Amino acid sequence: MAFEMRVLIVVVAMVVCLPSAAYAEQGTATFYTPPYVPSSCNGYQNDGVMIAAASAPIFNNKAACGRSYRVTCTGATNQGVPQPCKGTSVVVKIVDLCPSPGCQATLDLSQEAFATIANPDAGKITIEYNQV
């Protein structure tokens, strides 16, 4: 009975955890520096520092404003810092648009959010992200 209960717990844990991994999108991230206001979503409202600007497809004419995304560094995009990832994730709130054609990434993280997941010297990283 104890073995069957352990198997059931493992199966339930896998079912609960897999959907978030299965729905992770892949992209790139860069960072921007303060001041973080005004923003496209909230004007001069202070949204803290765990924030991001989204590329046009994600921003979707302000539809992404206020959405939160879990972002994880998955690797380098250049040879300057071959292993930039810190092995952590960060949750950021979308507060701005990363305008085209200048936008060089899927998500443009605040400097503080980027530094949480990667070495800022990398400048640009590959990421996995999903809405939370």
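The following dialogue examines how several features of this predicted model are assigned.

Student: Why are C41 and C65 said to form a disulfide?

Tutor: The sulfur atoms of C41 and C65 lie 2.0 Å apart. A disulfide requires two cysteine sulfur atoms within 2.5 Å, so the pair qualifies. By this rule the count comes to three disulfides.

Student: What makes the disulfide of C41 and C65 left-handed?

Tutor: The torsion about its S-S bond is about -80°, and the link is therefore left-handed.

Student: Which parts of the chain does the pair of C41 and C65 tie together?

Tutor: C41 belongs to the loop between β1 (25-32) and β2 (51-55), and C65 to the loop between α2 (56-59) and β3 (68-76), so the link ties together parts that are 24 residues apart in sequence.

Student: How do you know whether C41 and C65 are buried, partly exposed or exposed?

Tutor: C41 has a relative accessibility of 18%. Buried means under 20%, so this value places the residue in the buried class. C65 has a relative accessible area of 26% and is partly exposed, because that class runs between the 20% limit and the 50% limit.

Student: Why is C73 placed in one accessibility class and C85 in another?

Tutor: C73, at 8% relative accessibility, counts as buried. C85, at 29%, counts as partly exposed.

Student: What is known of the link between C98 and C103?

Tutor: This disulfide has an S to S distance of 2.1 Å, and its torsion of 110° about the S-S bond makes it right-handed. C98 is buried, with a relative accessible area of 5%, and C103 is also counted as buried, at 17%.

Student: What pattern do the disulfides of the protein follow?

Tutor: With bonded cysteines counted along the chain, the pattern is 1-2, 3-4, 5-6.

Student: How do you know that β1 pairs with β6, and in what sense?

Tutor: Five bridges join β1 and strand β6 (residues 125-131), in the antiparallel sense. As one example of a bridge partner, G27 has I127 in β6.

Student: What makes β1 and β5 a strand pair?

Tutor: β1 and strand β5 (residues 107-110) share four bridges, in the parallel sense. The requirement is at least two, and the two strands therefore count as paired. In β5, L109 is the bridge partner of F31.

Student: Why is the pair of F31 and F114 called tilted?

Tutor: The structure holds three aromatic pairs. In the pair of F31 and F114, the ring centres are 4.9 Å apart and the planes stand at 50°, so the pair is tilted. The centres must lie within 6.5 Å; planes under 30 degrees apart would be stacked and those over 60 edge-to-face, so the tilted class takes the rest. F31 lies in strand β1 and F114 in helix α3 (residues 111-117), so the pair ties together parts that are 83 residues apart in sequence.

Student: How accessible are F31 and F114?

Tutor: F31 counts as partly exposed at 25% relative accessibility, whereas F114 is buried, with a relative accessible area of 0%.

Student: What is noted about phi at N61 and K62?

Tutor: N61 has a positive phi of about 55° although it is not a glycine, and phi of K62, likewise a residue other than glycine, is near 80°. N61 lies in the loop between α2 and β3, and K62 is placed in that loop as well. N61 counts as exposed at 73% relative accessibility, because exposed means over 50%. K62, with 47%, is partly exposed.

Notes
Residues numbered from 1 in each chain as written. Predicted model: local features only at pLDDT ≥ 70, side-chain atom pairs only at ≥ 80, totals over all residues. Heavy atoms only, no water. Helix = DSSP H or I, 4+ residues; strand = E, 2+ residues; numbered from the N terminus. Buried < 20%, exposed > 50% of the residue type's maximum accessible area, 1.4 Å probe, protein only. Phe/Tyr/Trp six-rings, centres within 6.5 Å; stacked < 30°, edge-to-face > 60°.
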